[in-house]
Every structure is written in C-alpha cells, then in structure tokens.
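For each one, set the value against the definition and draw the conclusion.

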Amino acid sequence: WEFNGSFYQPSAFLMMGIPGLEALHHWISIPFCALYLIALLGNCMILFIIKKTQSLHEPMYYFLSMLAVTDLGLVLCTLPTTLGIFWFNMQRIGFDACLTQMYFIHILSFIESSVLLAMAFDRFIAISHPLRHPSILTKTTVIKIGLAIILRGMVSLLPIPFLLKRLTYCGKTELSHSFCFHPDIMNLACADTKVNDFYGMIILLSTVGMDFIFIVLSYILIIKTVISLATKEECLKALNTCVSHICAVLVFFIPMIGLSMIHRFGKNVPPLVNTLVAYTYLIIPPALNPIIYSIKSSHIREALLRALRRKSE
C-alpha cells in the first residue's frame, strides 16, 4: 500500500478466475484457448482476404476490417491476464497496469459499438440509395469516419483513469474478473464515487447508448425502404445483406448491456453469473464475428475458397 496523509492506494489488485471452480481452471482454459484461437485466426483471415481481394475494397468491407481489428485488440487485451490466471494462477496486476488495461478494453468496446453503427449506416445507404452509395461513402469518407470513431473513444474515456487514481482505496483488492473493468475497480474504493459513477453513466449513454438507438433507427428506415420494394424476392435479397450485421449487433450489445446492469444494479447477482456474462461480452463476439461473416457473406466465402484452392495447388 502507498500512504500519503489520508490517501491510500493499493500497489496492485488481485484478479479472479471463475468463482467456485478454481480447481478446474486448467480444464476450463481449454475452451477459452479454443475461443481465443478462433478469434485470432478468424479476424486475421478476414483482414487478409479483404486486403488481397480487390472486389472487396468497398465501404462494407472496410468497416468489417475495422471490426476485425477492434476484435483483435479486445482479444489481445484480455488474453494475457485470463490465461495467466487459468494456467499459472497469476492473479496480481499492478495498479497502473490495471488502469491501462481497463482504458484500452473500454476504448475498444466503444470503438466496436461505433463501427457497428457505421456498418448500419452503410447498409441503410446501400439499400435506400443504391445509386448514390459509392459517391456518399467514398474511401476518404470511410477513413474520416474511422478516425472520428477512434478519437471519440479515446477522448471520452481519457478522464476515467485519472478519476480512479484520485480515489482512496481500502479493504478488499479483489476484482470480480480476470481483467480490469471500470465499475469493478470503482466498487473497491472507500471514497465518494459519485463523480466516477455519474461520468461513467453519462459517457456510456452518450456513446454506446446513442449508437444502439441510431442502429435501431437505421433498421426501422431500412425496413420501411424494403417494404416499398416491388417484389418479395427483392425484399428478401435486401434484408439478406443485413443478417450478418444484425447478428453481430445482438452478439455485442446483449452481453454488454447485461454486464453494465449487473455491475450497477445487480448487487445480489451470484458471482458466477457476473463472471460468465463478462466473458461472454469480451470473448464471444470476437470469436463469432468472423464465423458469422464467413457464413453469411458469399463474397468473403468465395474469396476464402479461392485462397484455399491456390494454396492446395
């Protein structure tokens, strides 16, 4: 512990694995390793295929590349500490290292939310204004959107580590997860956390909350456009281009909203439920997104098959 007058700050926190199943951590690590491997290989494959296939150099796949890079970042943020606990029981993490991990996890989560919104906007333009789509979403515009997304995440979350550093900590130093999460660290403080709580809630609602609302509005407009199409075949063809994106939105937002609600209001929720929702939020989307897009996107599937044929020759 560091002491400075009445100010106390722990030198480190202790991260937890899966409560009640500590003896089985080595076995539990097997499915986790499989998910991490799928996420790493799958997202790298998506990036490789999009880069090498000229026909995929269009807005939809540029945004998919951003999603893949974000998922890779999330995996690399949580993999060392999660597998460190499961394999070597390395629970200790330095205070500053914990704040750094927390900052990047939250930034990448916010970026993923914004990328999903950008993808919803792309689908709306492609379906509602197909002839104007190339002129509206040019390569320069996509780059500007990507930079704006990164900047928004970095700037909006920049005060969070400093707000946590000003708090006095006492008593417990055990975190609820095998990674650092803002509400989790905040709950260990014995000082007034109203500023942290208020700022965290405002940022969450004004970024991820607004992203989700605009995604829903985009799909309401898409459905209105699709209904006005002449034939049933055209309607189904238009909606089919959105299926993979809808799946990615649900896979990301449902566990994220669940985890936020548990940390803020679920004081009596069993620790095991809290832990499982957290792992679902950070590990499942990066592993599932490449699978979803590989199955549903015929262009990516065909490009992958062509790449495999070339290697076999």
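Q: What makes the link of cysteine 98 and cysteine 180 left-handed?
A: The angle about the S-S bond is -120°, and with that value the link of cysteine 98 and cysteine 180 is left-handed. The model is a predicted one, in which local features need pLDDT of at least 70 and side-chain atom pairs count only at pLDDT 80 or more, while totals for chains, interfaces and linings use all residues. Residues are numbered from 1 along each chain as its sequence is written, and side-chain values use heavy atoms, with hydrogens and water left out.

Q: Why is the pair of cysteine 98 and cysteine 180 called a disulfide?
A: A disulfide is a pair of cysteine sulfur atoms within 2.5 Å. The sulfur atoms of cysteine 98 and cysteine 180 are 2.0 Å apart, so the pair is a disulfide. By this rule the count comes to 1 disulfide.

Q: Which parts does the pair of cysteine 98 and cysteine 180 tie together?
A: Cysteine 98 belongs to helix H3 (residues 95–128), and cysteine 180 to the loop between helix H6 (159–165) and helix H7 (182–186); the pair therefore ties together parts that are 82 residues apart in sequence. Helices (H or I, at least four residues) and strands (E, at least two) are DSSP runs, numbered from the N terminus. Both cysteine 98 and cysteine 180 are buried.

Q: Is cysteine 33 buried, exposed or partly exposed, and why?
A: Buried means under 20% relative accessible area, exposed over 50%, and partly exposed in between (1.4 Å probe, protein chains only). Cysteine 33 has a relative accessible area of 24%, so it is partly exposed. Cysteine 242, with a relative accessible area of 1%, is therefore buried.

Q: How do you know that lysine 165 and aspartate 96 form a salt bridge?
A: A salt bridge is a side-chain nitrogen of Lys or Arg within 4 Å of a carboxyl oxygen of Asp or Glu. For lysine 165 and aspartate 96 the N to O distance is 3.0 Å, so their side chains meet in a salt bridge. Lysine 165 lies in helix H6 and aspartate 96 in helix H3, so this pair ties together parts that are 69 residues apart in sequence. Lysine 165 has a relative accessible area of 32% and is therefore partly exposed; aspartate 96, at 47%, is likewise partly exposed.

Q: How many salt bridges does a search of the whole structure find?
A: The search finds 3 salt bridges. One of them joins aspartate 122 with arginine 123, the closest N and O atoms being 3.0 Å apart. Aspartate 122 is buried, because its relative accessible area is 1%, and arginine 123 counts as buried at 9%.

Q: Why is leucine 167 called buried?
A: Leucine 167 has 1% relative accessibility, so it counts as buried. Its place is in the loop between H6 and H7. Leaving aside neighbours within four places in sequence, leucine 167 is in contact (heavy atoms within 4.5 Å) with residues including Phe7, Tyr8 and Asn196.

Q: Why is valine 216 called partly exposed?
A: Valine 216 has a relative accessible area of 37%, so it is partly exposed. Its place is in helix H8 (residues 194–227).
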